[in-house]
Amino acid sequence: MKRKDKYQAQWIGSRNFAGNDLTWEHTIRPMLEPTIKNAKSLRLADEREEVIKLRTAFLDGLYKAYLKQLVPSQWLFHPQITDVAQFPIFHRIIHAEGEVGTMEDTFTAVISEFPDLVSAWVEERRERLRATLSDISTATGERAEKGQVDVLDLATSVFKCGQNNICRENRFPWSPQMPPGPLFGFGGAISHRCIKLVIHGCMGRNYPITPIIVASPEGSSTATVLVQLSGMDPTRATVIDMDEMDPLFVCCDCPPYVSNLDGNKRRVIHTWRSAVKHAMSKVHGVGNAWRILTPHEMDAVERPVDPIVNQPCWTCNHCSAYFDAHRSRQEVELHLSATYDPKE
Ligand SMILES: [Zn+2]
Ligand SMILES: [Zn+2]
Ligand SMILES: [Zn+2]
């Protein structure tokens with residue numbers, strides 16, 4: 001739109017250029033001037049957008065270098081660059097008119113304050129996530145009371161990315177038609193990385209975008225049922241409790257399938273996490289029925305392999321080798337055994 005307007009301005013100008021002074025003053029100038037002014041303001045807006053982009057990219061480089069010095073497990077509890085660029089100290093410089101002090105100097109000056117800035121950001125996120133959960137409290141019943149378990153640690157606190165149809169993360173296999181998958185508790189929500197695919201010609205590139213995390217009523221109500229089936233109290237059972245107990249479930253709404261191996265009818269076995277994801281995929285419309293496997297059945301079945309093992313979302317916790325490109329768990333384990341002494 002902007003580029004097209006500029007070309008349009010040039011074309012009108014050249015078409016009317018051959019004329020005398022009278023034509024210029026009375027006909028051409030009144031028509032041309034607003035077009036030129038408009039083109040100029042569009043050009044200035046474009047230039048400013050470019051300056052903001054360059055300053056943000058420079059901050060991104062400094063921020064990545066800072067993150068690489070941390071223990072990798074801390075990365076997920078740090079904001080994305082889109083959030084860091086909103087910190088007032090950086091926002092002021094990124095959006096300043098004209099020349100400003102260098103970003104490097106500013107970043108170096110606040111580097112000692114950075115852990116505090118990040119802690120404040122994390123606290124603000126906690127409050128925001130608590131507020132989004134209060135919207136679905138009626139769907140999930142009574143929640144943990146003050147002084148007991150932090151509501152954000154509960155297994156029933158299920159979130160999802162609100163950047164529907166844009167965010168590529170947390171959809172596997174990714175498809176714009178697939179609803180976003182579950183983010184479990186505070187850890188799942190804060191560590192979600194929102195990524196948008198932008199196509200340049202025939203190439204696609206991922207760009208970080210500001211995440212919008214919302215509560216998932218379907219996820220929370222399914223988790224409530226699963227916790228109850230596991231014999232625990234939904235107002236107290238945490239994500240860690242469910243992971244440690246690791247019960248298995250079958251969806252009673254999914255028909256059995258015929259196995260290619262022996263022709264017998266079988267059912268898909270779900271972990272509690274994959275059960276919540278299955279419910280949120282909405283294959284059954286609203287709600288579905290679950291049954292927990294008995295201890296005898298648990299011993300008899302082969303445990304399902306969590307698909308996350310094969311997804312390129314793993315990184316070494318000793319170095320930043322996979323900072324820019326995460327890998328499958330197997331690949332990272334090969335790196336670990338080849339690089340580090342297991343006795344250390
Ligand atoms: Zn997202
Ligand atoms: Zn099902
Ligand atoms: Zn490493």
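Which residue of β4 stands opposite H200? The residue is M203, and the pair belongs to a predicted model, in which local features need pLDDT of at least 70, side-chain atom pairs count only at pLDDT 80 or more, and totals for chains, interfaces and linings use all residues. Residues are numbered from 1 along each chain as its sequence is written, while chains are lettered from A and ligands numbered from 1 in the order in which they are written.

The protein has 13 helices and 10 strands; helices (H or I, at least four residues) and strands (E, at least two) are DSSP runs, numbered from the N terminus. Buried residues make up 22% of the 344 residues. A residue is buried if 20 or more other C-beta atoms lie within 10 Å of its own, exposed if 12 or fewer, and partly exposed in between, with C-beta atoms placed from the backbone.

**The β3–β4 hairpin**

- Strand β3 (residues 195–200) pairs with strand β4 (residues 203–208) in the antiparallel sense, over six bridges; two strands pair if DSSP finds at least two bridges between them.
- Two residues lie between the strands of this hairpin, and G201 takes a positive phi near 60 degrees.

- An open sheet is formed by three strands in the order β2-β1-β5, with antiparallel pairing.
- Both β2 (183–184) and β5 (213–215) stand at the edges with a single partner strand each, so one side of each is left without a neighbour in the sheet.
- Strand β1 (residues 158–161) is joined to β2 by two bridges, and the two run antiparallel.
- Opposite V158 stands F184 in β2.
- Helix α9 (residues 217–229) packs on the sheet and touches β1 and β5. The direction of α9 makes about 155 degrees with that of β1; axes are lines fitted to C-alpha atoms, for helices over the stretch in contact, and angles run from 0 to 180 degrees between N-to-C directions.
- Helix α6 (residues 114–134) also lies across β1 and β5, and runs at about 35 degrees to β5.

**The sheet β9-β6-β10**

- Three strands in the order β9-β6-β10 form an open sheet with antiparallel pairing.
- Here β9 and β10 stand at the edges, each with a single partner strand, so one side of each is left without a neighbour in the sheet.
- Strand β6 (residues 248–251) pairs with strand β9 (residues 270–271) over two bridges, and F249 stands opposite H270 in β9.
- The pairing of β6 with strand β10 (residues 290–292) has three bridges. V250 has R291 as its bridge partner in β10, and C251 stands opposite W290.

**Nonpolar cores and contacts**

- The largest nonpolar core has 34 residues; such a core is a set of buried Ala, Val, Leu, Ile, Met, Phe, Trp, Tyr and Cys residues joined through C-beta atoms within 7 Å. Those with the most contacts inside the core are L129, A155, F159, A189, L226 and V276.
- Helix α11 (residues 272–280) gives the most to this core, with five residues.
- Apart from this core lies another, of six residues, among them L59, I81, A85 and F90.
- Leaving aside its neighbours within four places in sequence, A155 is in contact with A223, V227, A237, T238, V239, D241 and M242. Two residues are in contact if their C-beta atoms, placed from the backbone, lie within 7 Å.
- Of the contacts with a separation of 6 or more, 64% are between residues 24 or more positions apart.

- Just after α11, K282 takes a positive phi of about 60 degrees.
- The axes of α9 and α11 are 9 Å apart, and the helices pack at an angle of about 140 degrees.
- That angle makes α9 oblique to α11; angles under 35 degrees count as roughly parallel, over 145 as roughly antiparallel, 65 to 115 as roughly perpendicular and the rest as oblique.
- Residues E218, G219, T222, A223 and L226 in α9 meet W272, A275, V276, A279 and M280 in α11.

**The loop residue F323**

- F323 lies in the loop between α12 (295–300) and α13 (329–339), and counts as partly exposed, with 14 C-beta neighbours inside 10 Å.
- F323 and K64 are 259 residues apart along the chain, and their C-alpha atoms are separated by 8.8 Å.
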